[in-house]
Amino acid sequence: MTAEITSVLVANRGEIARRVFRTCRERGLATVAVYGDPDADAPHVREADAAVRLPGDAPADTYLRGDLLVKAALAAGADAVHPGYGFLSENACFARAVRDAGLVWIGPPPEAIEAMASKTRAKRVMAEAGVPLLAALRAEDATPEDLPLLVKAAAGGGGRGMRVVRELGALDGEIRAASAEAASAFGDGEVFVEPYVERGRHVEVQVLADAHGRVWVLGTRDCSLQRRHQKVIEEAPAPGLSEETRDALHRAAEAAARAVAYEGAGTVEFLVADDGRAYFLEMNTRLQVEHPVTECVYGLDLVALQLHVAEGAPLPEGGPPVPRGHAVEVRLYAEDPARGWQPQTGRLHRLHVPGALPFGGRGRDGEGRDGEGTGGPSAGSGAGLRLDAGFGDGDPVTVHYDPMLAKAVAWAPTRREAVRRLAGALERARVHGPVTNRDLLVRSLRHPDFAAGRVDTGFYDRHLPDLVAAGDDPRAARLAALAAALADAAARTVAPGAGTAARMGGWRNVPSRPHRKAYRAFPAPGGGDGDGGDPDGGDLEIRYHWSGGRPAPPAEDFPGVRVTRPPTPECVVLEADGVERAFDVARYDDGQVCVDASPGAWTFTTRPAFPDPEDRTEPGSLLAETPGTVVRLAEGVEVGAEVAAGQALLWLEAMKMEHRVAAPAAGILLSLPVAPGDQVQPGTTLAVVTPPETAQ
């Protein structure tokens, strides 16, 4: 069957919607966006030729409403639907509804999606196809010799409903917890138990198939660097695999695709043990987040090929191009790795990666915003840097969706060059707004184990404390704060009428006495959190002199430091211990001051000279650290009951991740003022746990 596509609705949002739109524009196809209310002014909406509102805030009311998505496509005159990834991309019922409406489904047949939708069912299909598997265990039959075990949701992905069990006595509780999380996330609480392979590698194979029996195997990707079972760094090809293992993976992936009569782009995921043996994990019946690394290595546009296959055309004879070089991708998240990967919200003031080629485009009004156009090589161009971003400068990062801001990709002839290129680009990037994992990504890429290709899924379990501590340099943070203070002083001396900086106010310059400027740093130097956990951890007070436009910091505060050039509102040059560095300073209307220099990047907010009285909070209060929704309370937990240190009290969901809220110490649960479904803001009291003697 052949069908000509002229207009594509992307049933998704953010980065993947923009990615699909780019290829559609290149092919001369019209584009249609859909959006929930928080996305009304999102980049993917601005860039589409038409957009349809899905009323509501929650994904369950918007991007997960297949009926509304089909109606939107018909109303906008689209003749095809691309599902992107996540949401309904692997929902067979949605695929059928699209086809039943007379629209082209840009994805595999619903029957193939259905066969792979449940991991337990998929394993049965793969066993019949001869694909190697880890043997599932019945929980009641597990013995201490079987440990460690992995409890895993049968539906969905992204690390939801997944638990590693190292003590047999904890197995039943972890099964219940995983089942509850899976039911909440996917509407299906089925879980299964299998052996957990220590130091296993997550290696996947990209496949592409048409309706004429042709299957392309497009090499391997290594996705082992994960946090909470969610991928952080990916690369192609997977390093360090023997030819025997690589060939076995390719054969197994092709067998998996043929077993379900697959069409379109898909990914077969494997767990590779340290002895080189590979075991089938699951098949993702959609385009993967990490598809750009394969595009760069093979010189292909996978979205264009998805459209080609969806129109009924065969894949070219002779097979795929010969791969060349190496590509590495990192996921830039608005999160704080030092605080349990806690998602962050706020306004993304600036996102710029120098050297990246244009990505994105102009909105329907013909206008583009600064920051939207940064990007990387066109799909498959095989050179340089690429940035696939879901946000532009000034866009809000909200609690409603995944905290991934962008994917940065580098290609080079060798793995070493690609890793070095990506680390250098990230280090020079300007990412202003919420706290991100940018610095962690740079340190991960430069870690000796990663550089040598010694990667496995336990990388962050072993190295996270050291990677976080590597950026803990209080003196560097104080130098950055000094630069912020001097830039602010320079801005206040600009003549009126010279711009916003000149109208920031002023003070009397008294050269004989130092000026003082108080900041709070995010994240905080010296072990504090800068966000309320340690009240003083992120506080910095800077003293400096300002006279005749040539400031001179007091020697007792900054020994060995001098200002070598007159500061400007945007740049301060400091010489520390004989080394001169420029500190770029940017100030924003919400009070953030962002400082970038070769030692790193810092974000500050100005503290008042006379702090407000501290909020009165009941001792023992557990406060929400991020906006979110209470998804469930721990079983059997009641007010007045004794709780143990570390005992789970409730779970909070924010940005598609569940956060366990536990008792900080043994005591009495004095208060539990929240219930499942409650939406909370930072600072909301979730529970109060107090020592027994205090409760009495």
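The protein's secondary structure comes to 16 helices and 37 strands. The model is a predicted one. Of its 696 residues, 54% are buried. Taking contacts between residues at least 6 apart in sequence, 63% join residues at least 24 apart.

**Helix α1**

- Helix α1 runs over residues 14–26, and its 13 residues should span 18 Å at 1.5 Å a residue; the C-alpha atoms at its ends are 19 Å apart, which agrees.
- The helix is largely enclosed by the rest of the structure, because 11 of its 13 residues are buried.
- The buried residues of α1 are Gly14, Glu15, Ile16, Ala17, Arg18, Arg19, Val20, Phe21, Arg22, Thr23 and Cys24.

- Helix α3 covers residues 66–76, and within it Gly66, Leu69, Val70, Ala72 and Ala73 are buried.
- Viewed down the axis of α3, these buried residues fall within an arc of 155°, so they line one face of the helix.
- Lys71 and Ala75 are exposed on the other side of α3.
- The cover over the buried residues of α3 includes strands β1, β2 (30–35), β3 (50–53) and β4 (80–82), together with helix α4 (92–100).
- Glycine 77 follows α3 and has a positive phi, near 80°.
- Strand β1 (residues 7–10) contains serine 7.
- Serine 7 has a relative accessibility of 7% and therefore counts as buried, the cut-off being under 20%.
- Leaving aside residues up to four places away in sequence, serine 7 touches Ala30, Val32, Gly77, Ala78, Asp79 and Ala80.

**Helix α7**

- Helix α7 (residues 171–186) has 16 residues, which at 1.5 Å each should span 22 Å; its end C-alpha atoms are 22 Å apart, in agreement.
- Leu171, Ile175, Ala177, Ala178, Glu181 and Ala182 are the buried residues of α7.
- Around the axis these residues cover an arc of only 165°, which puts them on the same side of α7.
- Among the elements covering the buried residues of α7 are β6 (149–153), β7 (162–165), β8 (191–195), β31 (628–633) and β34 (657–662).
- Just after α7 comes glycine 187, with a positive phi of about 75°.

- Two packed helices are described by the angle between their axes and the distance between the axes.
- Helix α11 (residues 415–428) and α12 cross at roughly 155°, and their axes come within 9 Å.
- Because of this angle, α11 is roughly antiparallel to α12, a term that applies to angles over 145 degrees.
- The crossing of α11 past α12 is left-handed.
- On the α11 side the contact is made by Val419, Leu422, Ala423, Leu426 and Glu427, and on the α12 side by Arg438, Leu441, Val442 and Leu445.
- Helix α12 (residues 438–445) also packs with helix α14 (residues 459–469), at an angle of about 115° and with the axes 11 Å apart.
- That angle makes α12 roughly perpendicular to α14.
- The crossing of α12 past α14 is right-handed.
- Leu440, Arg443 and Ser444 of α12 make this contact with Phe459, Tyr460, Leu464, Leu467 and Val468 of α14.

- Lysine 123 is part of helix α6 (residues 119–128).
- At 9% relative accessibility, this lysine 123 side counts as buried.
- Not counting residues up to four places away in sequence, lysine 123 touches Leu133, Leu134, Phe192, Glu194, Phe280 and Leu281.
- Leucine 271 belongs to strand β12 (residues 264–272).
- With a relative accessibility of 11%, leucine 271 counts as buried.
- With residues up to four places away in sequence left out, leucine 271 touches Leu134, Val197, Gly200, Arg201, Arg277, Ala278, Tyr279 and Leu281.
- Leucine 271 and glutamate 204 lie 67 residues apart in sequence, and their C-alpha atoms are 8.3 Å apart in space.
- Leu134 and Leu281 are among the residues touched by lysine 123, and among those touched by leucine 271.

Definitions and conventions: Residues numbered from 1 in each chain as written. Predicted model: local features only at pLDDT ≥ 70, side-chain atom pairs only at ≥ 80, totals over all residues. Heavy atoms only, no water. Helix = DSSP H or I, 4+ residues; strand = E, 2+ residues; numbered from the N terminus. Expected span 1.5 Å × (residues − 1). Buried < 20%, exposed > 50% of the residue type's maximum accessible area, 1.4 Å probe, protein only. Arc of directions from axis to C-beta. Contact = heavy atoms within 4.5 Å. Axes fitted to C-alpha atoms, helices over the stretch in contact; angles between N-to-C directions. Parallel < 35°, antiparallel > 145°, perpendicular 65-115°, else oblique. Left-handed = near helix turned anticlockwise from the far one by under 90°.
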